[in-house]
Amino acid sequence: MRDKKLPLIFIFITVILDISGLGIIIPVLPKMISSFTGGNMSTAAAYAGWLTFAYATVQFFSAPILGNLSDKYGRRPLLLLSLLSFGIDSLFMAFAPSLAWIFLGRILAGISGASYTVASAYVADISTPEKRSENFGLINAAFGMGFIIGPVIGGLLGKMGQQVPFLAAAGLSIANFIFGYFVLPESLPLTDRRPFNWKRANPVGALMHLRRFPAVAGLLTCITIFYISGHSMETCWTFYTMLKFNWDEQMIGISLGASGLIMALVQAVLIRLVLPKTGDRLAVYIGMCFSIIGFVLFAFAGSGTVMLLTLIPWGLGGLGAPAIMGLISNSVPANEQGELQGGLTSLMSVTAIPAPLIMSGLFAHYSKPGAEVYFPGAPFLLSAALVLIALLVAYLSMRHLPNHFQKPGDEPGLIPETAETKPGTVKHIA
């Protein structure tokens, strides 16, 4: 049992570190940008949107390459390499002397952050079809933990100096690299590997290739819209709460830590109680309805207390995404899980190219001094409308979705054991 659980623990920690590295910068970002530009909060928000744009653009191109490489060489080497590069990037960010260097650091982080692709493929490898949604929920719980650790570290250690949080992130990443080197077995058997193909190792090629599974197309559209909606939270939370409720860096870190804790509890605990009773499809509807409620309440929150309480319905919206990912993953064969996860990560990344600019632009426009209509909550209201659209797309798509992919003669989701299977390869876990 111990051998089976350690790889999943490692994946969990790896995703936490990836998101922590992104979240660590959030509390210190407004003042960091302002120190280089001398602008006000609206100007800093606009620059923050471009930083996310740079990060997402690089991740968009990197994710399918890493996913396809992992289908050829296995998940283990790609995961370890990404961890090492993340540690190097954190050191780079710690000593960035200008805004241009911060942009360069976000580009390097985009490459490292694409390890989420390989981590998701690893989880798909070791999970049975009926457990994939729950284990994808565990990955999303790691997202939540990352948003706890990252902003809290950034908010607390940031008071000791802007370099300190990044040095801490570098140390954690290198420590996890060492841990993974000793405990992480390969999850993809030699018999399930396929040649690397550049035509399929680009974002467009990876997604176009998935057209062979037409039942998946609607859900890909759904999750794309859902990803876009989430960027109002990632892009505008810090600026919105600083402007409207006069929160400082420490309060920002605490609030984001609370949001991460709620997300982690939903994804790691609640989803394992709910999914066996509701199934993936109903969980999608429940999660999206809670997301809509959360975003609307964010937009019209009249106090910081209401903003914090609204994190609960917003966090319950986290039931939806893992269920969608499980439905999609169960429709694709085992030797293409890396490509699928690369495509999904590219979708996540491509939404982060225009979405932060749109969300930060809306915030800047409706919060600037002298605005004809003053409504800083506009990005959250847009997100609620987008989730409503995604809910409709999900309903239309899931009517025609098969239960799972199954090769003739195979038990669904099981990795065939052959003489060619690499020693130390992990098998499925619950």
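Asp125 and Arg75 are both buried (under 20% relative accessible area with a 1.4 Å probe, counting protein chains only; over 50% is exposed, and anything in between is partly exposed). This is a predicted model, where local features need pLDDT of at least 70 and side-chain atom pairs count only at pLDDT 80 or more, while totals for chains, interfaces and linings use all residues. Residues are numbered from 1 along each chain as its sequence is written, and side-chain values use heavy atoms, leaving out hydrogens and water.

The side chains of Asp125 and Arg75 join up in a salt bridge, 2.7 Å from N to O (a side-chain nitrogen of Lys or Arg within 4 Å of a carboxyl oxygen of Asp or Glu). Asp125 sits in helix H6 (residues 115–126) and Arg75 in helix H4 (residues 75–94), so the pair ties together parts that are 50 residues apart in sequence. Helices here are DSSP runs of H or I with at least four residues, numbered from the N terminus.

Arg75 also pairs with Asp71, with the closest N and O atoms 2.8 Å apart. Asp71 has a salt bridge with Arg194 too, at 3.0 Å between the closest N and O atoms. Asp71 belongs to helix H3 (residues 41–73), whereas Arg194 is in the loop between helix H8 (163–183) and helix H9 (203–209), so this pair ties together parts 123 residues apart in sequence. Asp71 counts as buried because its relative accessibility is 0%, and Arg194, at 8% relative accessible area, is buried as well. Put together, Asp71, Arg75, Asp125 and Arg194 are linked in a network of salt bridges.

Notes. Helices (H or I, at least four residues) and strands (E, at least two) are DSSP runs, numbered from the N terminus.
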